[in-house]
Amino acid sequence: MAHNCDDICRDLHVYLDGETTVATRSVIAVHLEDCPSCADAFHFEAQVRLVVARCCCEEPVPESLRVRVLRAIYTADP
Ligand SMILES: [Zn+2]
């Protein structure tokens, strides 16, 4: 029962959500140990989730900063 990198990449999101079966979890875990590129993708995805979770849960961006960023975007030279 070979899993290739495409299968693993497709299942990474589910794996991170904790919604895989135990069998799939172990297949992915074993593959991540053997495959540096999938391990990289996994760690990147995990980091992104951490950042997103932090942005959603902690205090919102201050209005002054939001305005400054928007102004910088709209007044930036093309
Ligand atoms: Zn792989």
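I took the expected span of a helix as 1.5 Å times one less than its number of residues, with helices (H or I, at least four residues) and strands (E, at least two) read as DSSP runs numbered from the N terminus. I noted that this is a predicted model, in which local features need pLDDT of at least 70 and side-chain atom pairs count only at pLDDT 80 or more, while totals for chains, interfaces and linings use all residues. I number residues from 1 along each chain as its sequence is written.

I looked up helix H1 (residues 5-17) and found its end C-alpha atoms 19 Å apart, which agrees with the 18 Å that 13 residues should span at 1.5 Å a residue. I then found a kink of about 40 degrees in H1, centred on Asp 11, the bend at a residue being the angle between axes fitted to the seven residues ending there and the seven starting there. Just after H1, I noted that Gly 18 has a positive phi of about 70 degrees.

I turned to H2 (residues 22-34), whose 13 residues reach 19 Å from first C-alpha to last, close to the expected 18 Å. I counted as buried a residue with 20 or more other C-beta atoms within 10 Å of its own, as exposed one with 12 or fewer, and as partly exposed one in between, with C-beta atoms placed from the backbone. The number buried in H2 is 1 of 13, so this helix lies largely in the open.

For the protein chain, I recorded 4 helices and 0 strands, with buried residues making up 6% of its 78 residues. The pLDDT (the predictor's confidence in each residue, from 0 to 100) averages 83 over the protein chain.
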